[in-house]
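Please read the following report alongside the sequence and the structure shown here.

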Amino acid sequence: MSLHLDAEALYGELLAGVRGLLEPEAVLVGVWSGGAWLAERLQRDLGLATPHGVISSTLHRDDFGSRGLGSTTDATNLPFSVDGRPIVLIDDVLYTGRTTRAVINELFDFGRPASVRLAVLVDRGGRQLPIQAAFAAARIALPATQQIALDRDEAGRFRFTVRDTQETR
């Protein structure tokens with residue numbers, strides 16, 4: 001199966017969708033790493049005064065015991081108070097919902113937001129938890145044996161790669 005998604009065109013859709021989700025005092029929080037790239041660009045393109053935050057799922061993953069901490073640089077950085085703030089959580093691909101659950105747990109370690117709304121570039125289905133995006137630029141069906149990942153070039157332009165995966169046990 002060949003799948004071609006124009007990540008830059010979908011970014012334009014995401015920009016419009018996030019604009020519709022913003023309310024007074026709202027802040028953007030990008031999920032490491034693709035969501036963080038998107039939040040960085042959205043913050044700039046929307047002209048938001050408050051810097052965007054970055055959040056990691058590492059410490060709250062339900063597979064932490066098997067994956068461990070590893071040597072990653074995906075540390076959470078929230079340069080604002082979360083308490084009472086509307087949060088727009090940004091991610092590149094929504095799949096099972098497990099990463100979203102983990103980052104929401106991480107977010108609540110920093111305080112109690114007024115609300116949390118999720119906006120994603122691509123919703124690929126396959127949910128294992130009751131997680132739903134408030135906005136998705138695209139909804140696709142992708143077999144569990146394939147993975148879609150967002151990448152960006154040196155100029156900051158986005159592109160997708162789709163690859164077959166082999167499940168290991």
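This is a predicted model: local features need pLDDT of at least 70, side-chain atom pairs count only at pLDDT 80 or more; totals for chains, interfaces and linings use all residues.

Residues are numbered from 1 along each chain as its sequence is written, and side-chain values use heavy atoms, with hydrogens and water left out.

Helices (H or I, at least four residues) and strands (E, at least two) are DSSP runs, numbered from the N terminus. Helices α1 and α2 pack at an angle of about 60°, with their axes 11 Å apart, axes being lines fitted to C-alpha atoms, for helices over the stretch in contact, and angles running from 0 to 180 degrees between N-to-C directions. The residues that meet, with contact meaning heavy atoms within 4.5 Å, are listed below.

| Helix | Residues in the contact |
|---|---|
| α1 (residues 7-21) | Glu8, Tyr11, Leu14, Leu15, Val18, Arg19 |
| α2 (residues 34-46) | Leu38, Arg41, Leu42, Asp45, Leu46 |

In helix α4 (residues 98-108), Thr100, Ala102, Val103, Glu106 and Leu107 are buried, that is, under 20% relative accessible area with a 1.4 Å probe, protein chains only. These buried residues fall within an arc of 160° seen down the axis of α4, so they line one face of the helix; the arc is that of the directions from the helix axis to the C-beta atoms. Their cover includes strands β1 (27-31), β2 (53-55), β3 (86-94) and β4 (115-123).

Asp91 lies in strand β3 and is buried, with a relative accessible area of 7%. Beyond its neighbours within four places in sequence, Asp91 has contacts that include Val31, Leu38, Thr99 and Val120.

Key: Buried means under 20% relative accessible area, exposed over 50%, partly exposed in between (1.4 Å probe, protein chains only).
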